[in-house]
Amino acid sequence: MKQLKYILLSLTLVLSMAVIAQEQPVAENAAVDELIAEEGQPNEAGLEEIGAIAENELAESSAEESVWTEVVDFFKTMGFVRVFDGKSDSGDWRQLVMLLISFFLLYLAIKKQYEPLLLLPIAFGMLLTNLPGAGMFHSELWSAFLDPESPAYHSYGAIMKEGGLLDVLYIGVKAGVYPCLIFIGVGAMTDFGPLIANPKSLVLGAAAQIGIFLTFLCANALGFTEAQAGAIGIIGGADGPTSIFLTSRLAPELLGPIAIAAYSYMALVPVIQPPIMRALTTKEERAIKMKQLRSVGKTEKIIFPIMVATIVALILPDAAPLIGCLMLGNLMKECGVVDRLSKTAQNELMNIVVIFLGLSVGATATGASFLNWQTIMILVMGIVAFACGSAGGVLLAKLMNVFSKEKINPLIGSAGVSAVPMAARVSQQVGQEENPSNFLLMHAMGPNVAGVIGSAVAAGLLLTFLG
Amino acid sequence: MILLAANWGHIWMVTLLGFGLVFVLLVLLIYVLKLFGFIMRPRVKVENPQEVHKSVGAPRKETSESITLTGNATAAIAMALHLYYNGIHDEEPTHVTIKKVERKYSPWNSKLYGMNNLHRN
């Protein structure tokens, strides 16, 4: 109760200062007015006397006024005042709403631990960019960057000169550097063994990409441009870095909502996928036990990344940055001669880039760009994309069972949406609900890593067609 | 109006060609991986019993790929396979975990009170 009293008192103080700051005080020479009122209109001598008095008064009052002006100016710089002053260029109610959203995302990241590694920096980036007057991110600079008629068109120099901290960090997103660096780390942490042992997994990884293309169709029908629709569709790939990479190229204006949708839904994989998996499979199908995977030799694991990078990059050059970096990281891990590089890619490099990427992506979520109907439509279509991708993988696994002698548990199909390794864990959990002695984790890892390759290939294709 | 304004021919082309190409590329990778697996698979030479019978008395050809198992090892493998295929292996806890085992202090694993330290003192 006592604390509440202090909080109310301080709020009242700040609000009253805000009101005072808006009402410019007009300095009046009260002493001269009083003299005139007492002695009537002055003669020449009187005028000199009044002049002297007025000068003294003015000097005193200007000293008082300059202190007062300083105080008022200081209060005018405060974020609280900027929000209430009604000028949309300095701050408005939308920023307050965005601050509340950022608090909610921070809560989800810290308390609920939903993808905290990325959600926390994204939420904090959102918090920083929506602080009125902080000037850490300038969306108008980036609008000028994209405007062919502006003198700052494609000028990183202008950004470095006039931008804030988050503008400078955002250059890495704009140039497509961070997603590729993250892919080096992802590659260094991924074991492609289950995929090499069971190459059929690649089909499941491909089938799960149907969510991307169905959402692309839906987004076009809802009035988004083709490039924007492609960027929205890639949410169905359930791959954060790929979504950011493609969106920064095709529709940078939608980067904030798309990144937040992609990472939020990745965190919600254990909630979104199980009902779809149960709805599309029978109890018997969920209980299918799969044959143990063959062991994969070191030579195979070393040649695999070199081979995949070469084949994919030769067929689809636009996918080369993502696939190339993914396979570079994996080669560093598997070859065993650059342990230091591999460990750096897995830990230090990955962590540093995640901080930069999260902060700068969160910074793009300004009130004006985030609080609109487009964002709501993107969030809805993101969940449709995710659901379609999961369903596509499960249905194709069922279809494969019709033609194949060796039965596949259809639950591993849903792991074809990337979301490594969360989607594979979900397959394992749902499978164990039917048969506790069934271990699907390694079988599901095959489609899971195939999904990473599949979504990178889909991103390359969309970039080729729409970029 | 929005639906009419969009270039649906191009949109359908991107959708069908895009999804088709993802499939084709990954199916191509399947065949490459299968070929790759065929080339790299470990080769275990299983001798034909008739050929073994014919070559009794002839000196045994030693190759690096042949595997010699002792009777005990063969029995252990057979037992494991029998348990696995008949589902009579012990019930596993079915929990996958990466929790580290906490090692509590004990004078028996103490380095401070080890024999070597006592000797030095």
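G37(B) touches R294(A) and E300(A), where residues up to four places away in sequence are not counted and contact means heavy atoms within 4.5 Å. This glycine lies in helix α2 of chain B; helices (H or I, at least four residues) and strands (E, at least two) are DSSP runs, numbered from the N terminus. G37(B) is buried, with a relative accessible area of 11%. Buried means under 20% relative accessible area, exposed over 50%, and partly exposed in between (1.4 Å probe, protein chains only).

The model is predicted: local features need pLDDT of at least 70, side-chain atom pairs count only at pLDDT 80 or more, and totals for chains, interfaces and linings use all residues. Residues are numbered from 1 along each chain as its sequence is written, chains are lettered from A and ligands numbered from 1 in the order in which they are written, and side-chain values use heavy atoms, with hydrogens and water left out.

**The two chains**

Chain A has 25 helices and zero strands. Of its 467 residues, 52% are buried. Contacts in chain A between residues at least 6 apart in sequence join residues at least 24 apart in 76% of cases. Chain B comprises five helices and zero strands, and its elements run α-α-α-α-α from the N terminus on. Buried residues account for 15% of the 121 residues in chain B.

**Helix packing in chain A**

Two packed helices are described by the angle between their axes and the distance between the axes. Here the axes are lines fitted to C-alpha atoms, for helices over the stretch in contact, and angles run from 0 to 180 degrees between N-to-C directions. The axes of α6(A) and helix α21 (residues 339-363) of chain A come within 6 Å and cross at roughly 45°. The arrangement of α6(A) relative to α21(A) is therefore oblique, given that angles under 35 degrees count as roughly parallel, over 145 as roughly antiparallel, 65 to 115 as roughly perpendicular and the rest as oblique. The crossing of α6(A) and α21(A) is right-handed: a crossing is left-handed if the near helix is turned anticlockwise from the far one by less than a right angle, and right-handed if clockwise.

On the α6(A) side, the residues that meet α21(A) include L117(A), L118(A), P121(A) and F124(A); on the α21(A) side, they include V354(A), I355(A), L357(A) and G358(A). The residues of this contact of α6(A) with α21(A) divide into 13 nonpolar, four polar and no charged. In this scheme Ala, Val, Leu, Ile, Met, Phe, Trp, Tyr, Cys and Pro count as nonpolar, Asp, Glu, Lys and Arg as charged, and the others, Gly among them, as polar.

Helix α21 of chain A also holds S360(A), which counts as buried at 0% relative accessibility. Leaving aside neighbours within four places in sequence, S360(A) is in contact with L166(A), L169(A), Y170(A), V173(A) and Y178(A).

A further packed pair consists of helix α13 (residues 210-221) and helix α25 (residues 441-466) of chain A, whose axes come within 11 Å and cross at roughly 35°. α13(A) passes α25(A) in a right-handed crossing. I212(A), F213(A) and F216(A) of α13(A) make the contact with A458(A), L462(A) and L466(A) of α25(A). The residues of the contact of α13(A) with α25(A) comprise six nonpolar, no polar and no charged.

Helix α15 (residues 240-250) of chain A is mostly covered, with 10 of its 11 residues buried. Among these buried residues are G240(A), P241(A), I244(A), F245(A) and L250(A).

**Aromatic pairs**

Rings of Phe, Tyr and Trp (its six-membered ring) pair if their centres lie within 6.5 Å; planes under 30 degrees apart count as stacked, over 60 as edge-to-face and the rest as tilted. By this rule there are 10 aromatic pairs over all chains. Two of them are tabulated below.

| Ring pair | Distance of centres | Angle of planes | Class |
|---|---|---|---|
| F137(A) and Y170(A) | 5.6 Å | 85° | edge-to-face |
| F19(B) and F23(B) | 5.4 Å | 80° | edge-to-face |

F137(A) is buried at a relative accessible area of 11%, and Y170(A) is buried at 4%. Ring pairs link F137(A), W142(A), F145(A), Y156(A) and Y170(A) into a cluster.

In chain B, F19(B) and F23(B) both lie in helix α2 (residues 8-40), four residues apart, about one turn of the helix. F23(B) is partly exposed, with a relative accessible area of 21%.
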